[in-house]
Amino acid sequence: ALLQSGGFGRVTQFSLLLLGAGAVMTLVPEYVYLKDVFGVRLNTIFKFYFQAWVLWAIASAGALYVLFYEAEGLGTVSRRLFGAGVVLIAGLGLLYAPLAIFDRVHEFPEAPMLDGTAYLATEQPADYAAVRWLNEHVTGAPTILETHTTGGYAYEGRVSAQTGLPTLVGWGNHEWQWRGNLIVQSERYPVIEELYSTTDAQRTLTLLDEYDIKYVYVGPLERGKWPAAGLDKFKRLMETVYDREGVTIYQRRVMLGGLGDG
């Protein structure tokens, strides 16, 4: 209908341009894609398909305008039938949003909210309180040490994720997906393990200085993963700035000659 609409007006041309661009964005990834760590095209498809649907949605609006107001050869009855079909389809589509929201809300055991960390107040209250303290008292972007995971989508890395403070490694596997290699992560895994496990004071201070770590976080995850002797050394080498409900946060003391004064 667009091609037979009595010439290519500006709306028609623009709609066809968007339609073609969307087609290219969906068809090309079938054959050409960015090679990532997965070796398949799924991430390329995700990125381009999102944009393609937006282009097609705008193009469809232009197409409807042309069909209703510029198309020649369509009688009154045809226009009305077509218009009724469009209204029916669009109306059914518009029903989805409110009905889906209503249905989804009833799946929550409690009143839903926009705070994505609120669940921690009941499931991980100790970490929740400590994270709130960090957000309220720490300024800038000092590095904080916390336990890590070599995988992804895990609870490890929770302090860095909820405070924005950098850490040595959060989700190693997820970093691999974005970096394309495990070089940096593999270098830092043993550093984290040594910092939490060693009882050598000088070695600990050297690593803290080398990686510019200002805070060390010792919470339920750390206590369940690393030896008590390794965790206890931080009491002697650093200043305790937070100690509640099983979570202790240590802060570097003034550095002398590249090492802590403790």
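**Salt bridges, helix packing and selected loop residues**

A search of the whole structure finds 9 salt bridges. The structure is a predicted model, and the results below should be read with that in mind.

One of the salt bridges joins the side chains of E136 and R132, with an N to O distance of 4.0 Å. Both residues belong to helix α5 (residues 125-137), and because they are 4 residues apart, about one helical turn separates them. E136 is exposed, its relative accessible area being 55%. R132 has a relative accessible area of 45%, and so R132 counts as partly exposed.

D232 is partly exposed at 34% relative accessible area, while K235 is exposed at 52%. Elsewhere, salt bridges that share partners bring D127, E146, R158 and E222 together in one network.

The side chains of R158 and E146 form a salt bridge of 3.4 Å, N to O. This pair links distant parts of the chain, with R158 in helix α6 (residues 158-163) and E146 in the loop between β1 (143-145) and α6, 12 residues apart. Are these two residues buried or exposed? R158 is buried, with 3% relative accessible area, and E146 is buried as well, at 0%. The cut-off for this class is a relative accessible area under 20%.

For helix α7 (residues 172-179) and α8, the axes come within 9 Å and cross at roughly 155°. Angles over 145 degrees count as roughly antiparallel, and α7 and α8 are therefore roughly antiparallel to each other. On the α7 side the contact is made by G172, N173, E175, W176 and R179, which meet V184, Q185 and Y189 of α8. Sorted by class, the contact of α7 with α8 has 3 nonpolar, 3 polar and 2 charged residues.

Helix α8 (residues 183-197) also packs with helix α9 (residues 201-210), at an angle of about 135° and with the axes 9 Å apart. This angle makes α8 oblique to α9. The crossing of α8 past α9 is left-handed. Which residues of α8 and α9 meet? In α8 they are V191, E194 and L195, and in α9 they are R203, T204, L207 and L208. By class, the contact of α8 with α9 has 4 nonpolar, 1 polar and 2 charged residues.

L168 is located in the loop between α6 and α7 and counts as buried, with 8% relative accessibility. Leaving aside residues up to four places away in sequence, L168 touches T143, I144, R188, V191, I192, Y211 and I213. Another pair to look at in the model is L168 and T147: they are 21 residues apart in sequence, and their C-alpha atoms are 9.1 Å apart in space.

D212 is not a glycine, although its phi is positive, at about 50°. D212 sits in the loop between α9 and β2 (213-218) and is exposed, with a relative accessible area of 56%. E245, also a residue other than glycine, has a positive phi near 50°. The loop that holds E245 runs between β3 (239-244) and β4 (247-251). At 59% relative accessible area, E245 is exposed.

Terms used:
Residues are numbered from 1 along each chain as its sequence is written. This is a predicted model: local features need pLDDT of at least 70, side-chain atom pairs count only at pLDDT 80 or more; totals for chains, interfaces and linings use all residues. Side-chain values use heavy atoms; hydrogens and water are left out. Axes are lines fitted to C-alpha atoms, for helices over the stretch in contact, and angles run from 0 to 180 degrees between N-to-C directions. Helices (H or I, at least four residues) and strands (E, at least two) are DSSP runs, numbered from the N terminus. Angles under 35 degrees count as roughly parallel, over 145 as roughly antiparallel, 65 to 115 as roughly perpendicular and the rest as oblique. A crossing is left-handed if the near helix is turned anticlockwise from the far one by less than a right angle, and right-handed if clockwise. Contact means heavy atoms within 4.5 Å. Ala, Val, Leu, Ile, Met, Phe, Trp, Tyr, Cys and Pro count as nonpolar, Asp, Glu, Lys and Arg as charged, and the others, Gly among them, as polar. Buried means under 20% relative accessible area, exposed over 50%, partly exposed in between (1.4 Å probe, protein chains only).
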